[in-house]
Amino acid sequence: MSTTETSQFVRLRVELVVEVEDVEAVTGAALRRISQDADMPADERVHAESAVTEDTAEALAYLVDPFDLVGDVPGVELAQASWSSEGIDYDPDSPEWGLDEDDDREDEEEDRLG
C-alpha cells in the first residue's frame, strides 16, 4: 500500500505569544463561552468560572480552540489536540528569548536518551 493510500499523522506545533490589552474583555468572553456550554456539568462550570476570573491565561485557554486552526483545511481531520497557556516575561529584544527555545531542549533530551 502506498503512502497516498494510508493516513499520515503529522504533529503540528504552534507557539504564540499574545499581548492581552483588555483583561476584562478576555475574561468576559471566556465567562460567556462557559455559560453557553450546555454540556458542562455544574461543578465543572463553577471551577472554570473561578479559574478564568483569577487567571487571564486560563481565560485565554478557554477561548482558543485548536480545531479552529485546521477545521477548514481540506483533507485534514484533527485527531488529537492539547494546549495550555501561561503568563510569561516577554522581551522581544532580548537575545535570550526565542520561539525555538523549548524545541532545542527537547532535541537535546532526545539525543541524550537516544
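1. **Basis.** This is a predicted model, where local features need pLDDT of at least 70, side-chain atom pairs count only at pLDDT 80 or more, and totals for chains, interfaces and linings use all residues. Residues are numbered from 1 along each chain as its sequence is written, and side-chain values use heavy atoms, with hydrogens and water left out.

2. **Overall make-up.** The chain has 5 helices and 0 strands. Its pattern along the sequence reads α-α-α-α-α. Helices (H or I, at least four residues) and strands (E, at least two) are DSSP runs, numbered from the N terminus.

3. **Burial and surface.** Of the 114 residues, 14% count as buried. Buried means under 20% relative accessible area, exposed means over 50%, and partly exposed is in between (1.4 Å probe, protein chains only). The accessible surface of the chain is about 9,800 Å², and 48% of that belongs to carbon and sulfur atoms. Areas come from the Shrake-Rupley method with a 1.4 Å probe; for residues, only the protein chains shown count as cover.

4. **Helix 1 against helix 2.** These helices pack at an angle of about 170 degrees, with their axes 9 Å apart. Helix 1 is therefore roughly antiparallel to helix 2. Angles under 35 degrees count as roughly parallel, over 145 as roughly antiparallel, 65 to 115 as roughly perpendicular, and the rest as oblique. Axes are lines fitted to C-alpha atoms, for helices over the stretch in contact, and angles run from 0 to 180 degrees between N-to-C directions. Thr27, Ala30, Leu31, Ile34 and Ser35 of helix 1 meet Arg45, Ala48, Glu49, Val52 and Thr53 of helix 2. Contact means heavy atoms within 4.5 Å. By class, this contact has 5 nonpolar, 3 polar and 2 charged residues. Ala, Val, Leu, Ile, Met, Phe, Trp, Tyr, Cys and Pro count as nonpolar; Asp, Glu, Lys and Arg as charged; the others, Gly among them, as polar.

5. **Helix 2 against helix 3.** Helix 2 (residues 42-54) and helix 3 (residues 56-63) pack at about 120 degrees, with axes 5 Å apart. The two are therefore oblique to each other. Ala48, Ala51, Val52 and Glu54 of helix 2 make the contact with Thr56, Glu58, Ala59 and Tyr62 of helix 3. Those residues divide into 5 nonpolar, 1 polar and 2 charged.

6. **Helix 3 itself.** Ala57, Ala59 and Ala61 are buried in helix 3. Their cover includes helix 1 (23-36) and helix 2. Asp55 caps the N-terminal end of helix 3, with a side-chain oxygen 3.0 Å from the backbone nitrogen of Ala57. A polar contact is a pair of N or O atoms within 3.5 Å; within protein, one must be able to donate a hydrogen and the other to accept it, and residues adjacent in sequence count only if both atoms are side-chain atoms.

7. **Tyr62.** Tyr62 lies in helix 3. Tyr62 is partly exposed, at 26% relative accessible area. Leaving out residues up to four places away in sequence, Tyr62 touches Ala30, Arg33, Ile34, Met40, Ala48 and Val52.

8. **Trp83.** Trp83 sits in the loop between helix 4 (66-70) and helix 5 (101-113). Its relative accessible area is 45%, so Trp83 is partly exposed. Not counting residues up to four places away in sequence, Trp83 touches Ala61, Val64 and Pro66. Its side chain reaches the backbone oxygen of Ala61 at 3.1 Å and that of Val64 at 3.2 Å.
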